[in-house]
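I opened a new model today and wanted a first look. My notes follow.

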Amino acid sequence: MKGQAGFGLLMAVQMACGLFLSWDMATSLLGIQTAPIAWVWYELVQLGAVVGLILGTAVSAMLLVRSVRGRREAERSLRLASGAFMEVLAERFDDWALTPAERDVALFAIKGLSTAEIAALRSTSEGTVKAQTAAIYRKAGVSGRPQLLSLFIDELMGDGLALPTETPPQSSSEDLAAQASRTESGTISSAR
């Protein structure tokens, strides 16, 4: 917000300087008489307007260079993230032992293409694509496309929200009652 205010002030100063110099030139060219002021003050105002325009141009150039660098950095980060996503895809596809055809179908499915679009791109029938997606979901241990995509998003985010794979230790009846009570109170408070 502070940078935007500074940039706005800079633009206002540049506009005022430009308007003053334009008015000065117009009055000279058109022969419009203005109230006389001392030549020293007149020269100082003109010099201030020129200095303001030069400084404004320099600062604008600096902001433009900074903006271009920021855009390049964002593009580089996006390329890195894209590369990381493709690495994660390749690793998972290897873990699931997907065939080359299943890899293609899985990639198209993750990209959001419909079964008909995938079939058209691969020059196969929709039934073949449906069979391949069923095999992909079975090998990945998911029930559908949203869960398949969620696997990759969770891994890239590294949020550790994966379901636990080991069974909890056996608890006594008192522990189970206390756990049920906490679950009920948590469910009630989350519903509010």
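I began with a term: the expected span of a helix is 1.5 Å times one less than its number of residues. The model is predicted.

**Helix 2.** I looked up helix 2, residues 39-95, and found 57 residues. From first C-alpha to last, helix 2 reaches 83 Å, close to the 84 Å expected. I then checked burial. Buried residues in helix 2 include Gln 46, Ala 49, Gly 52 and Gly 56. Phe 85, Val 88, Leu 89, Arg 92 and Phe 93 are also among them. After helix 2 comes Ala 97, with a positive phi near 55 degrees.

**Aromatic pairs.** I counted 4 aromatic pairs. The ring centres of Phe 93 and Phe 152 are 6.3 Å apart and the planes stand at 90 degrees, so I noted the pair as edge-to-face. Phe 93 lies in helix 2 and Phe 152 in helix 6 (residues 145-157), so this pair ties together parts 59 residues apart in sequence. Phe 152 has 0% relative accessibility, so it counts as buried. Next I took Trp 96 and Phe 152: their ring centres are 5.8 Å apart and their planes at 65 degrees, so this pair is edge-to-face. Trp 96 sits in the loop between helix 2 and helix 3, 56 residues from Phe 152. Ring pairs link Phe 85, Phe 93, Trp 96 and Phe 152 into a cluster.

**A pocket.** I turned to the second largest pocket, about 210 Å³ in volume. Its lining has 6 nonpolar, 2 polar and 1 charged residues. Helix 1 (residues 2-30) gives the most, with 4 residues. Among the lining residues I noted Trp 23, Asp 24, Pro 36 and Tyr 42.

Terms used
Residues are numbered from 1 along each chain as its sequence is written. This is a predicted model: local features need pLDDT of at least 70, side-chain atom pairs count only at pLDDT 80 or more; totals for chains, interfaces and linings use all residues. Side-chain values use heavy atoms; hydrogens and water are left out. On a 1 Å grid over the protein atoms alone, a cavity is a set of points where a 1.4 Å probe fits but cannot get out, and a pocket is an open set with protein on both sides within 12 Å along at least five of seven lines; lining residues have an atom within 4 Å of a point. Grid points are joined across faces, edges and corners, and a volume is the space filled by probe spheres set on the points. Helices (H or I, at least four residues) and strands (E, at least two) are DSSP runs, numbered from the N terminus. Ala, Val, Leu, Ile, Met, Phe, Trp, Tyr, Cys and Pro count as nonpolar, Asp, Glu, Lys and Arg as charged, and the others, Gly among them, as polar. Buried means under 20% relative accessible area, exposed over 50%, partly exposed in between (1.4 Å probe, protein chains only). Rings of Phe, Tyr and Trp (its six-membered ring) pair if their centres lie within 6.5 Å; planes under 30 degrees apart count as stacked, over 60 as edge-to-face and the rest as tilted.
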